[in-house]
Amino acid sequence: MMADTLRLKSHPVLDINSHNRRPITIIADGRTIKALEGESLAAALWANGIFSLRYDEVTGSARGMFCGIGHCYECRVTVDGVEDIRSCLVRVREGMHVSLKRPDLGKGDDHDS
Amino acid sequence: MNEIRNSAQPDNDLVICRCEGVTLGQIRTCIHELGARSVNQVKKLTRAGMGPCQGRTCAGLVEMILAAESQTSVGIEPYKSRPPVRGMLIGVLAASADQFDEPAGPVSVAMLRPQASDYPNAPIMSEEIDERYQTK
Amino acid sequence: MSAIKQSDAVVIGAGIIGASTAYYLSKAGVDVTLIDSKGNNASSTASTATAGGVRHQGRIPAEIPFALYAIKLWTGLEEEVSTDLHYRQDGMTVLTDDEALIPGLEERVAKEQSLGLDIKMVYGPEMHELIPGLSPLMLAGSYCPLDGHADPMRTTNALVEAAKGLGAHIEWHCPAENLVAEGNRIVAVRTSKCNIHCQHVVLAAGAWSKPIAATVGVSLPIQPVGLQMMVTSRRPHALDQVLAWVGHGISLKQVPSGGFVIGGGWPGHGDPATYQTSLNPGSMAKSAQTTVGLFPSLADVPVIRAWVGIEAFCVDELEILGPVPGLEGLIMATGFSGHGFALGPGVGSLIADYVTAGKWPEMVRPFSITRFGKNNQEDI
């Protein structure tokens, strides 16, 4: 995966500053992921080619970052055991454990019209 | 989003509410067959707007669809936002309970009382009572 | 505007009670006009803030025979209205963590058994096995396997649609202004849009019933009470039963779409005159506190929405249901005091029997308006 091509290096408005961010590692579903300290978790996962962050509970479709600004709740993942964290809003730090939501339809969804 | 208004054959499978998977077709059915005329009615009948984002993504779209499908752009009651602004963990809410003096407790109803033979006194009444509700 | 219409029966109020009544009346061949001051599924009503429980237990004993009758109708209801109402009959347990309250609970269970309920006490390990996730502090509970819940919005809407399908006329945004009586009988309902000449009027307007009844001199000892609800995000299925807790404000269930619906009688602000409601933050916090006390794992689940609906509470917490002596044609169906959802189909069914065949069975006579005395001058 050409991680370098999937990460912004500079931006006229946003403070990307990627050359000054310390490389760190986080763990996503047991996989070691290279990230840059302080970037958003969604950006770190994206840079590693991880676009599907969860499987939607209603339709089962793969979902990932959509609005990128904490508005749509599509990018929810579990971080260090806490569920429903919007990955576009949380910054990565060394050793962060991320669990991408599994499809878990449960009893209820059989009855959704 | 003029596409919705101008498109000759909009796709009924287009997902409008991402959280709840509600499609354009389902919303159209709601409008044309169930008589929905407000975003809230569409919400209650399809679940559009009931997911974690509480209508942030879809409410505006539903409003536009209502306008397009019912050929009107005025008088469409918008999505009713309700607190909390964002999801609040029950544990966090619970931890704040001691800050509140009122209410003292829930309305007293039979289900909460252990004794079936308890016959209730008047339940807790709401404070503001419109004049029309006073016995004449 | 004084357009004149004609209808055998006018049902005032399209909440669960009115929608059900319009359906069963239509089914019985009665020409029905259902009117509501607002639109379909309008906010601020009791039917939009009910916890959606369909339970036998925990009622004033006089109501239990009627609850048994009504809940039997729920069994075939989804098929009858050709709609998935998300009805589940997976049981309900009312719990206590206080040893001193166990005898009272046992007494209640014995009483309800004698009235024909399939209900029993459960204790300790058996109880915890039945309800995984329950707080370890709970000691005992009253378990009724035939209690359950359904979706109030789908149910109300389905009954309205089914009534329409059977020929009922629905008039939205049509507030009833006054009832019209000639001598001892009701002859019409005057609304903001039209006058509807009719032979029967069913007043099912919940917290809005009082001024309407007053127009023909009928006094209803009911008052509006705002009740607050909360719902969480979806979670994997973890709770089958409906749970309640003696002496604490909570009714807890997990609905088929995955959220936990939390009620329990916490007050919210609501004004029937304006239909405006607002949240009581103390109620939210204390409701959350109670929730964690009952089902600790919910501490990590977010509440995404809270809302308030206005219910009509009667002075003695029982509905005012039935014909009004001295005013032929007028049938009360209001004041359900927070426990009317389950009874909806039963109310509709019995009113249809009354209108078509004059039947009014013993089981509903305790709810007659006559219990407040002749001429009904009781003040709250």
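Predicted model: local features only at pLDDT ≥ 70, side-chain atom pairs only at ≥ 80, totals over all residues.
Why does Arg108(C) count as buried? I looked this up first: Arg108(C) has 25 C-beta neighbours inside 10 Å, so Arg108(C) counts as buried. The cut-offs I work with are 20 or more other C-beta atoms within 10 Å for buried, 12 or fewer for exposed, and partly exposed in between, with C-beta atoms placed from the backbone.

Residues are numbered from 1 along each chain as its sequence is written, and chains are lettered from A and ligands numbered from 1 in the order in which they are written.

**Around Arg108(C)**

I found Arg108(C) in helix H4 (residues 102-114) of chain C. Helices (H or I, at least four residues) and strands (E, at least two) are DSSP runs, numbered from the N terminus. H4(C) lies across E4, E5 and strand E6 (140-144) of chain C, and runs at about 15 degrees to E6(C).

Next I traced the open sheet: nine strands with mixed pairing, in the order E3(B)-E18(C)-E12(C)-E15(C)-E14(C)-E13(C)-E4(C)-E6(C)-E5(C). Strand E3 (88-89) of chain B and strand E5 (120-123) of chain C stand at the edges with a single partner strand each, so one side of each has no neighbour in the sheet. Pairing here takes at least two DSSP bridges between two strands.

I then followed E3(B) across the chain boundary. E3(B) pairs with strand E18 (residues 302-314) of chain C in the antiparallel sense, over two bridges. Met88(B) has Val303(C) as its bridge partner, and Leu89(B) stands opposite Pro302(C).

Which way do the residues of strand E13 (residues 242-245) of chain C point? Val242(C) and Ala244(C) point one way, Leu243(C) and Trp245(C) the other way, and all are buried. On one pairing, strand E4 (residues 92-96) of chain C joins E13(C) in the parallel sense over four bridges, with Met92(C) opposite Val242(C). On another, E13(C) runs antiparallel to strand E14 (residues 251-254) of chain C, with two bridges, and Leu243(C) has Leu252(C) as its bridge partner. E13(C) and E14(C) form a hairpin with five residues between them, and Gly247(C) in the turn has a positive phi of about 80 degrees.

**Two helices of chain C**

I checked helix H1 (residues 16-27) against helix H6 (residues 152-165), both of chain C: their axes come within 8 Å and cross at roughly 30 degrees. The axes are lines fitted to C-alpha atoms, for helices over the stretch in contact, and angles run from 0 to 180 degrees between N-to-C directions. H1(C) and H6(C) are therefore roughly parallel, as angles under 35 degrees count that way. The residues of this contact divide into nine nonpolar, four polar and no charged. I class Ala, Val, Leu, Ile, Met, Phe, Trp, Tyr, Cys and Pro as nonpolar, Asp, Glu, Lys and Arg as charged, and the others, Gly among them, as polar.

**Chain contacts**

Last, I looked at chain B against chain C: the contact takes 50 residues from chain B and 72 residues from chain C. Contact means C-beta atoms, placed from the backbone, within 7 Å. The chain B side divides into 28 nonpolar, twelve polar and ten charged residues. Chain B also has nine residues in contact with eight residues of chain A.

Terms used
Parallel < 35°, antiparallel > 145°, perpendicular 65-115°, else oblique. Contact = placed C-beta atoms within 7 Å.
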